[in-house]
Amino acid sequence: MGKDVSDRTFTREDRQRYREKVQRCLDALARMLTDDVFSFPQQQMGLEIELNLVDEKLRPAMANSEVLEKIDDPSFTTELSQHNLEINVPPRPLAGNEAVDLEQELRRTFDNADTKAKDAGAAIVLIGVLPTLRREHFDPRWLTSNRRYTVLNDEIFAARGEEMVLHMEGSPMPGGEPERLRSYAESILPEAACTSVQLHLQVQPDHFAAHWNAAQCLAGVQVALAANSPFLLGKALWHETRIPLFQQATDTRPQELQNQGVRPRVWFGERWITSIFDLFEENVRYFQGLLPVIDDEDPIAELAAGRAPRLSELMLHNGTVWRWNRPVYDLVDGVPHLRVENRVLPAGPTIVDVLANAAFFYGAQRALATQERPLWTQMSFQAAEENLYSGARHGMGAQLYWPGIGWVPPDELVLRRLLPMAHEGLRELGVSDAARERYLGIIEQRCVARRTGSSWQRETVAQLEQRGADREAALVGMLRRYVDLMHAGNPVHTWPVW
C-alpha cells in the first residue's frame with residue numbers, strides 16, 4: 001500500500017509537484033536501464049502471505065494490533081483491515097533444497113504465530129476470501145489504524161465520487177443455479193477480503209520483459225489451479241472471487257469513466273512488453289497520483305554522484321497501480337535491482353499448497369521465458385487476459401486458450417504441456433530433484449483429482465446444505481473443517497468431503 005503519509009491535506013500544488021517528480025524519477029530509471037547499473041548476483045525468490053484473523057466463532061477478529069504485539073516478529077506486519085496480517089519472507093535463492101527448507105520454516109513460523117494469536121482470542125486462517133465476512137466488516141472503522149490506509153481510502157473515494165459497487169454472477173454450486181451479488185461499500189475494505197500470496201522473482205533488466213510476458217501467459221492457469229476464494233457475503237461466486245472483487249473494491253472510476261474505457265487501477269495490462277520501462281511509463285501516463293508525497297531526493301543528481309536513487313515517488317505511485325504482475329524497483333544496501341511480483345494467487349489452503357503453487361509458477365515461467373520462439377508471439381494479449389477471467393470464474397471447469405492446442409481445460413493443459421516445462425524450468429534453476437518432485441507432484445495430483453481449495457469449499461457447503469444447514473451455518477461448518485485440515489497440513493487434493 002505504499003509508505004506512511006502525513007496528516008496534512010494534499011493541495012493542487014502538491015499534486016502538480018508530485019507529477020513532475022514522478023516524471024523525473026522515470027527519467028532517472030531510463031538512464032539506469034541504459035547504463036545497466038542493476039545488481040544480479042543470483043536468481044532469488046521472495047514471498048508475501050496475507051492472513052485472516054478469526055474469533056472462536058470463526059467470524060473476523062478485529063485484533064491485528066494486539067496479535068502483532070503477541071507475535072513480536074518483524075516479519076509480520078499489518079494489512080488494510082484489522083482482521084488482516086501479512087508475513088514477509090526474506091529473499092533467498094531458488095536453487096537446491098531452499099523450497100523444502102522454506103516450507104519447514106513457514107510451518108514453524110505459522111504455528112508459533114497462531115499460538116500467540118490465541119493469547120489475544122484469535123486464530124489465523126490461510127484462505128483467499130474469508131467466507132464469514134459480512135457487510136458490517138466493511139465499515140470504515142475497521143481500517144487498520146495506520147494513517148496511510150485512511151488517506152488511501154479517502155483519496156480513492158474522492159476520485160470516484162460515489163459508493164463502491166460490488167456486483168458479480170457466480171459459477172453455479174453443485175446442483176444449483178448461479179448466484180448473484182450486488183452490494184455497496186463506503187470504504188475500500190472489500191479489498192481486505194482478498195488475501196493473497198505474492199511471489200517475487202529477481203531478474204536481470206534485459207530478461208525482465210520475457211519473464212513478465214511469461215507470467216501474463218500463466219495467470220489464467222495459475223488461478224484455475226489454485227482457486228481458493230468461492231464465497232463472499234454469503235454468496236457462491238467465482239472460484240477465485242478475489243479477481244473481480246479486488247478490481248471493484250479499488251476502482252476509482254464512476255460508471256461513466258468505465259463506459260469511456262478508462263483503465264482500472266487493478267489491471268492486467270493491454271500489451272506484451274519489450275522492457276520493464278514500458279510498465280512504469282504506462283503507470284505514470286494513465287493513472288493519477290493517489291498519495292502525492294514528495295521527498296527531498298533529486299534522482300538525477302544522485303545518479304550524477306554515482307549513487308542509486310530511491311525513486312520514492314515512482315515506487316509509491318507504482319504501489320497504487322495493482323497490476324496482476326507488477327514491476328518492482330528496489331534498493332538493498334544501496335544497490336538497485338528489479339523484480340517481477342506475481343499477485344494472482346490466493347492464500348492457502350496449506351503451506352505445502354502455497355509452496356507447490358510457487359514451484360509451478362517459477363518453473364513454468366522460467367521455461368516459457370527461455371523458449372526459442374516465445375509463446376507471446378503466438379498468442380494475443382487479449383487471449384491471455386480472457387484466460388485469467390475464465391480461470392478465476394470457473395476454476396478447473398474453465399476452458400483456456402493455448403497456442404498449438406486450442407481450447408483446453410486447465411488440468412489437461414498442465415498435465416500435457418506445462419508440468420513437463422515446469423520440471424525443466426526448475427532443473428535449469430538448480431532446484432533439487434527432491435524439491436522439484438515434491439511440489440510439482442502435488443500440482444500433478446491436484447490436476448488428477450481436479451480438486452482445489454475452491455472446489456472443496458463449494459462441495460462441502462453443498463453437502464452441509466443438503467443435510468439441512470442454511471447458508472450461514474454451512475459456511476461456518478465448512479470453515480471449521482477447513483481450519484482443522486489446514487493445520488493437519490496435507491495438500492488440498494487429499495482433503496475428504498464429508
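Helices (H or I, at least four residues) and strands (E, at least two) are DSSP runs numbered from the N terminus. The model is predicted: local features require pLDDT of at least 70 and side-chain atom pairs pLDDT 80 or more, whereas totals for chains, interfaces and linings use all residues. Residues are numbered from 1 along each chain as its sequence is written, and side-chain values use heavy atoms, without hydrogens and water.

On a 1 Å grid over the protein atoms alone, a pocket is an open set of points where a 1.4 Å probe fits, with protein on both sides within 12 Å along at least five of seven lines; lining residues have an atom within 4 Å of a point. The second largest pocket holds about 290 Å³, a volume being the space filled by probe spheres set on the points. Its lining comprises 16 residues, with Val165, His167, Gln248, Asp251 and Gln258 nearest the centre. Strand E5 (164-169), helix H6 (242-249) and helix H7 (255-259) each contribute at least two residues to this lining.

Elsewhere, helix H15 (residues 453-466) packs against helix H16 (residues 471-488) at about 130°, their axes 9 Å apart; axes are lines fitted to C-alpha atoms over the stretch in contact, and angles run from 0 to 180 degrees between N-to-C directions. H15 and H16 are therefore oblique to each other, a class left after under 35 degrees (roughly parallel), over 145 (roughly antiparallel) and 65 to 115 (roughly perpendicular).
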